[in-house]
Amino acid sequence: MKYLDYWTYLILSLLKLYLFSVLTTSAFTFHFFLVNVGMILMMTSWALLVRPNVRRWILLASLFLHSTLLISDAWYYRYFGNVLSVALLSDAGQMGDVGGGFLTLIQATDFLIFADLLVFGALVMYQKRHPIRETRGLRMAGIGFLAGVVLYSVPLYVNYPPDDRTTISNMREYYKYGFWGYHGLDAARGLRDGAGLGKSLTDVDQSNVSALSPATVSASSDTNVIVVQLESFQASVIGQVINGQDVTLNLNALRDEMLYFPNVYHQTHEGRTSDAEFTVNTSLYPVKSGSVYTQYADHTFDALPERLKAAGYDTAAMHAFDKTFWNRDNFYDNIGFNHFFSAEDYPDGEVIGMALNDQDFLTESVRFMETLEQPFYSFVVALTSHTPYDIPDREKRLDLSGYDDPLLQNYYHTVHYVDTAVGLMVDALKANGMWDDTLVVFYGDHDNGLTAPGDEMAEKEGAMSVTDVFTLDRAVPLYIKPAGLARGEVMQASGGQLDFAPTILELLGMTPGYMLGSSLLDDEPNLTVFRNGSFRYDDVYFDPDLTKPFGAGTCYAIDSGDPLPFDACAPYIDEAADQLRLSDIIVEKDALSALTQTDKQAAPD
């Protein structure tokens with residue numbers, strides 16, 4: 001059979017794309033199949049022009065590269081629900097310190113992605129021993145290329161409108177353009193950005209950003225502000241009792257002293273902890289690939305520390321790890337922190353997980369706060385409960401019989417340990433007289449990575465419906481104690497991490513500037529948007545179908561999990577996408593650089 005090697009290559013390429021969808025439980029639609037066939041034909045039909053003995057090695061090398069990228073995508077997808085991007089090259093240096101968590105994502109069956117190399121290698125050896133006379137396939141190469149153009153372009157024309165908003169989500173682009181189409185487009189964007197192109201603001205961009213209408217900074221408050229970010233803390237652990245034991249005894253008790261928000265969600269993406277820090281301090285969304293900290297650290301943001309600094313606050317970030325990790329030192333300086341207390345500033349102590357244990361870290365951070373000028377804003381990033389949740393056996397104080405997953409067991413042990421650290425910090429703040437008159441915030445940064453349907457945690461929590469899984473995966477605890485609060489209260493308002501900075505500013509008598517979030521203390525429902533275009537608004541949750549054009553998806557009732565008429569969510573779909581696009585303009589195009597400079601020049605002396 002003529003060109004048997006090429007047809008075998010084409011079939012194997014498609015089979016491993018299907019295998020990828022099986023291994024990752026991602027979709028494999030007919031549209032996706034067609035555009036992948038088309039792109040492979042366009043990319044490789046030229047190989048029919050070369051001699052068969054050369055062509056076979058070209059195709060074998062192509063299969064190897066395809067498998068390497070596919071398996072990398074599979075591991076990345078399991079953790080982030082996304083595929084790789086060249087934007088992640090700037091994050092490559094950060095992976096070594098968190099690699100333990102990624103090792104848990106690797107499954108033996110993943111390496112079946114390379115099985116096609118054995119099949120094709122056997123074909124190469126067979127054809128070497130049984131050669132077939134072939135002429136160079138000029139005609140066949142031309143037919144293959146033209147067929148590829150048709151198979152790629154026609155499904156796009158039929159299934160997607162010209163104005164489809166794919167740019168807010170990598171996975172929507174992946175399903176629309178196919179594996180090689182997405183990665184090719186992504187590589188082209190990477191080259192464009194590397195050359196400094198495509199960052200100019202259009203008139204529409206500038207108008208949309210200017211419409212945020214920043215307010216003049218007010219110095220009406222002298223209240224100290226302490227914000228503490230707890231690593232991998234989910235709302236599900238608050239009030240949780242396992243075998244008669246409170247997992248979070250201290251945080252449970254704080255519901256009587258603070259405002260507790262059980263319906264607040266993390267809006268992080270691939271940057272995870274750094275995304276939470278960024279979103280909380282800037283009230284903007286994370287980028288769709290990688291982290292703002294490593295890609296756009298020198299861009300301009302109207303951030304909470306900068307706004308408080310302008311109002312006369314001393315500002316400090318505290319994190320007991322290498323100050324250069326995730327480029328924190330540069331980013332913190334850029335958004336207005338006067339001080340950054342990092343690993344080199346903290347005394348030696350027992351390391352649990354990645355850094356100094358949180359019990360020593362949080363109490364020592366209180367002592368650093370005592371050295372700051374008042375009023376101050378202190379932003380504290382804890383770390384002990386970081387994946388893979390390593391903790392000494394002597395600190396495993398919970399009876400977790402009935403739980404089988406050792407990773408989940410260690411997660412609960414680290415959460416219990418950090419909860420004790422929170423109690424010690426609160427005691428220290430009360431002992432030095434700071435507690436009563438300080439605005440104090442505790443919140444979780446993101447989920448623990450153990451919430452997927454079918455995992456032990458999801459089964460134990462009874463997460464069966466789409467909204468159950470959404471709540472388990474996205475809900476994080478938020479505690480706020482305004483200065484002078486007499487007693488705690490459970491607040492039913494829903495919102496996200498974008499809303500934290502506007503809420504803090506409202507409590508201080510200030511108003512947000514170029515921020516997209518809203519206060520959690522007003523009477524209006526907040527639109528809480530996530531990077532893939534899903535959102536919660538009031539009592540509804542929208543789950544987008546990323547395999548279809550923008551706007552497709554299912555609307556659900558939050559409480560029951562039942563599907564609702566599409567019209568219940570339809571009014572907010574465009575607004576959600578507009579928020580993501582506006583945030584991307586501000587972050588990626590540095591849209592605030594000129595605007596904030598104009599604001600400063602216009603401000604009264």
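Me: Before we start, what pLDDT do local features need here?
Reply: Residues are numbered from 1 along each chain as its sequence is written, and side-chain values use heavy atoms, with hydrogens and water left out. As this is a predicted model, side-chain atom pairs count only at pLDDT 80 or more, totals for chains, interfaces and linings use all residues, and local features need pLDDT of at least 70.

Me: Happy with that. Are α1 and α5 roughly parallel or roughly antiparallel to each other?
Reply: Helices here are DSSP runs of H or I with at least four residues, strands are E runs of at least two, and both are numbered from the N terminus. Axes are lines fitted to C-alpha atoms, for helices over the stretch in contact, with angles from 0 to 180 degrees between N-to-C directions. Angles under 35 degrees count as roughly parallel, over 145 as roughly antiparallel, 65 to 115 as roughly perpendicular and the rest as oblique. The axes of α1 (residues 4-24) and α5 (residues 115-129) come within 10 Å and cross at roughly 175°, so the two helices are roughly antiparallel.

Me: Which residues of α5 make that contact with α1?
Reply: Contact means heavy atoms within 4.5 Å. From α1, the contact uses L4, D5, T8, Y9, L12 and K16, and from α5 it uses D116, V119, F120, L123 and Q127.

Me: Now to α14 and α15: at roughly what angle do their axes cross?
Reply: α14 covers residues 358-369 and α15 covers residues 406-431. The pair is roughly parallel, and their axes come within 8 Å of each other, crossing at roughly 25°.

Me: How many nonpolar residues does the contact of α14 with α15 have?
Reply: α14 brings D358, Q359, L362, T363, V366 and M369, while α15 brings Y417, V418, T420, A421, V422, L424, M425, A428 and L429. Ala, Val, Leu, Ile, Met, Phe, Trp, Tyr, Cys and Pro count as nonpolar, Asp, Glu, Lys and Arg as charged, and the others, Gly among them, as polar. By class there is one charged residue, there are three polar ones, and the nonpolar count is eleven.

Me: Is S378 buried or exposed?
Reply: S378 sits in strand β10 (residues 376-381), and it touches V225, I226, V227, A316, M318 and M369, not counting residues up to four places away in sequence. Buried means under 20% relative accessible area, exposed over 50%, and partly exposed in between (1.4 Å probe, protein chains only). Because its relative accessible area is 0%, S378 is buried.

Me: Why is α18 largely enclosed by the rest of the structure, and which of its residues are buried?
Reply: Helix α18 spans residues 500-507, and six of its eight residues are buried, so it is largely enclosed by the rest of the structure. Those buried residues are F500, A501, P502, T503, I504 and L505.

Me: What relative accessibility does the lysine K288 have?
Reply: K288 lies in the loop between α10 (273-282) and α11 (292-295). Leaving aside neighbours within four places in sequence, its contacts include N82, E173, R189, H269, E270 and R531. K288 counts as buried because its relative accessibility is 12%.

Me: What phi does Y389 have?
Reply: Most residues other than glycine have a negative phi. Y389 lies in the loop between β10 and α15 and counts as buried because its relative accessibility is 1%. Although not a glycine, Y389 has a positive phi of about 65°.

Me: Is D538 buried or partly exposed?
Reply: D538 is in the loop between β16 (535-537) and β17 (540-544). Its phi is near 55°, a positive value in a residue other than glycine. Because its relative accessibility is 37%, D538 counts as partly exposed.
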